[in-house]
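Student: Hi! Could you walk me through how the helices pack in this one?
Tutor: Happy to, let's take a look together.
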Amino acid sequence: MPELAEVEFYRKQWARGLHRKILSVQLNAAKKIFRGEDVASLEKTLRGSTFLGSEAHGKQMLFRFSKGGWLGIHLGMSGKLRIEPAAAVVLKHDHLVLRQSQQNLVFSDPRQFGRVRFHLSKTQPPWWRDRPIELLSRQFTASRVDLYLSRHGRAPVKGVLLMQSGFPGIGNWMADEILWQSKIHPARHAGKLRPAEIKKLHAKIQSVSRAALRTVGKNDGDLPKSWLFHHRWERGGHCPVDGSALRRGEVGGRTTCWCPSCQRPGTGV
């Protein structure tokens, strides 16, 4: 599933369409990615409008158009944004195509766990204004991390890190990486982490996010070779720090990878 940096990468795929007019809109209105949306209004508003800008927050994207059109996109598990030549054939899973004079802006989603939202207004949609604090903002402090962990104190810290209301953009691989770099076992109770561990967790959330945005988010580049990321699904994978055999299991409802030597259970499991 696309996470913070992957979402930023896909947001930028439509950049070539900026400041250009949408000549027509082609969509599959019956697909569940449009659930609950006024598809007719979406099509009418975007047709003839100009693509003005975009931004990402966590796993969400917002695209702004003239005529008061706002298009929200969540990629889900298999969604992707791409640019195609104007004459390109629309593929089976291309559920939204915004046609311009020289190219098409395409949203494809084979598994349809993603979502398209539409809002018609001079101001941003309410569902965008009410976003949680961004991971790299000044407001995202160690104290806020501590408070959020305490609210979900009996849950495994891995599961809490996946909660988008507290940690927007963190998904499965990021949570595993952050916990491994923090040397915190994923099954530890969130409310049992010590102050020094919370401080380190906060620091790693931000450093992993920055590094991912610099590489994956910029040009879909490779993450540092020293990261757990490159070993977590290897058959017989080993910890890149001490060579211990990695372990895998379900924690917080998600398949999880950790190093039993670097990430000891400690207390509160």
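Tutor: First a term: contact means heavy atoms within 4.5 Å. This is a predicted model, where local features need pLDDT of at least 70 and side-chain atom pairs count only at pLDDT 80 or more, while totals for chains, interfaces and linings use all residues. Residues are numbered from 1 along each chain as its sequence is written, and side-chain values use heavy atoms, leaving out hydrogens and water.
Student: Okay, which residues of helix 1 meet helix 7?
Tutor: Leu 4, Ala 5, Glu 6, Glu 8 and Phe 9 in helix 1 do, and their partners in helix 7 include Ser 209, Ala 212 and Leu 213. Helices here are DSSP runs (H or I, at least four residues), numbered from the N terminus.
Student: And at what angle do the axes of helix 1 and helix 7 cross?
Tutor: Roughly 30°, and the axes come within 8 Å. Axes are lines fitted to C-alpha atoms over the stretch in contact, with angles from 0 to 180 degrees between N-to-C directions. Helix 1 and helix 7 are therefore roughly parallel, a label for angles under 35 degrees.
Student: New topic: which residues touch the most others in the largest nonpolar core?
Tutor: Among them are Leu 149, Phe 167 and Ile 205, in a core of 30 residues. Such a core is a set of buried (under 20% relative accessible area, 1.4 Å probe, protein chains only) Ala, Val, Leu, Ile, Met, Phe, Trp, Tyr and Cys residues joined through side-chain atoms within 4.5 Å.
Student: Which helix gives the most to this core?
Tutor: Helix 7, with seven residues.
Student: What does Phe 167 touch?
Tutor: Its contacts include Leu 135, Phe 140 and Ile 205, not counting residues up to four places away in sequence.

How values were computed:
Helix = DSSP H or I, 4+ residues; strand = E, 2+ residues; numbered from the N terminus. Parallel < 35°, antiparallel > 145°, perpendicular 65-115°, else oblique. Buried < 20%, exposed > 50% of the residue type's maximum accessible area, 1.4 Å probe, protein only.
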